[in-house]
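Work through the exercises below with the structure at hand. Try each task before you read its solution.

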Amino acid sequence: MSQLDIVLLTGISGSGKSVALNALEDAGYFCVDNLPPELLRGLVDLEVQRPPELKRRIAVAMDARSVDSLPHLKPVLDTLRQEGLKVRSVFLDASTDTLVRRFSETRRPHPLLKLRPQPATDTPRRRASDHETAGAEAATHALIDTITMERELLGPLREVSTVIDTSLLRPAQLRTWVRHIVGAEPAGLTLVFESFAYKHGVPMDADFVFDVRMLPNPFYLKELKPLTGRDQPVIDYLDAQPESAELLAQIEAFLLRWLPTLESDQRSYVTVAMGCTGGQHRSVYCVEQLVKRFAGRGAVLSRHREQDARSV
């Protein structure tokens with residue numbers, strides 16, 4: 001390996017970093033979990049000094065558990081990139097409702113809860129059931145406040161990372177998406193086209209969102225209903241609609257106009273989300289068509305949130 005390959009894995013607590021780190025370990029990365037940011041420089045220097053035949057791909061997980069050291073992380077990343085090292089930052093996120101549910105299911109405390117001031121305990125006497133209800137509500141409010149605080153702390157890292165919204169992802173799906181992200185050669189800007197269903201919410205990781213529900217819906221044709229936008233009969237049907245060509249041309253023109261500006265702003269990844277009602281026909285079709293149109297512009301990835309979930 002001629003050049004050190006470094007993946008920084010970070011994100012909101014409960015968003016799936018353990019699953020993602022295991023996926024990278026299975027893919028051959030040397031993984032370090034919860035490394036204090038001030039030790040990253042030393043780890044990289046040790047790896048650089050290894051003989052070429054012994055160099056390893058490194059994945060380092062950092063999060064708000066290193067809250068006191070986080071301000072030192074971004075300058076280190078900037079320095080490493082200026083030295084020509086390949087550093088890719090992946091940020092995992094999820095909706096607050098999803099995070100609250102996950103912490104409730106695992107019964108694990110949020111790692112930053114201890115940093116919040118504890119409420120006063122001199123409350124009037126209540127029945128046991130009232131205390132239990134009040135306690136549960138207070139715990140939920142405290143968790144939501146802590147998640148909000150964590151988002152603020154990690155905001156600068158999120159700005160310089162490729163973001164994956166894990167709210168609706170199964171573990172196997174997340175593992176696949178992470179492998180695709182780190183497997184893409186970062187030659188300039190990497191474009192990620194993602195389809196989704198509006199009925200399940202807009203992806204949090206989207207930089208641009210295009211609503212394609214104005215296109216004729218193959219769902220209402222009996223022979224096309226069970227198919228997806230990757231199947232030829234659906235492709236032929238949507239290709240025959242004048243609106244499809246016009247919409248795709250306008251989206252392509254928009255991206256061609258603004259991608260150079262994003263690239264000059266040191267952006268490594270841009271996620272373009274295409275949404276329809278069910279995430280099965282129109283959005284999938286548009287993603288696949290745009291991937292073909294941008295195939296000659298460096299690294300281009302496609303992912304289909306709803307369809308990928310059904311295939312794992």
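## Exercise 1: a buried pair

**Task.** Is R305 buried or exposed, and which residue does R305 bridge to?

**Solution.** Start with accessibility. R305 has a relative accessible area of 4%, so it is buried (under 20%; exposed is over 50%, partly exposed lies in between, with a 1.4 Å probe and protein chains only). Next, find the partner. R305 forms a salt bridge with E306; such a bridge needs a side-chain nitrogen of Lys or Arg within 4 Å of a carboxyl oxygen of Asp or Glu. The closest N and O atoms are 2.9 Å apart. Now check E306: with a relative accessible area of 8%, this residue is buried. Elsewhere, salt bridges with shared partners link R41, D45 and E83 into one network.

A note on the source: this is a predicted model, where local features need pLDDT of at least 70 and side-chain atom pairs count only at pLDDT 80 or more, while totals for chains, interfaces and linings use all residues. Residues are numbered from 1 along each chain as its sequence is written, and side-chain values use heavy atoms, leaving out hydrogens and water.

## Exercise 2: two further bridges

**Task.** What is the accessibility of each partner in the bridges E47 to R56 and D211 to R213?

**Solution.** Take E47 and R56. Their side chains meet at 2.3 Å, N to O. E47 is buried at 2% relative accessibility. R56 is partly exposed at 26%.

Now take D211 and R213. Their closest N and O atoms are 2.7 Å apart. D211 is partly exposed at 29%. R213 is partly exposed too, at 38%.

Last, the total. The salt bridge rule gives a count of 14.

## Exercise 3: a helix crossing

**Task.** How do the axes of α8 and α9 cross?

**Solution.** Two packed helices are described by the angle and the distance between their axes. Locate the helices: α8 spans residues 242-264 and α9 spans residues 282-293. (Helices are DSSP runs of H or I, at least four residues, numbered from the N terminus.) The two axes come within 11 Å and cross at roughly 55°. The crossing is right-handed.

Then list the contact (heavy atoms within 4.5 Å). From α8 come S244, L248, A249, I251 and E252. From α9 come Y285, C286, Q289, L290 and R293. These contact residues divide into six nonpolar, two polar and two charged.

Methods: Axes fitted to C-alpha atoms, helices over the stretch in contact; angles between N-to-C directions. Helix = DSSP H or I, 4+ residues; strand = E, 2+ residues; numbered from the N terminus. Left-handed = near helix turned anticlockwise from the far one by under 90°. Nonpolar A, V, L, I, M, F, W, Y, C, P; charged D, E, K, R; others polar.
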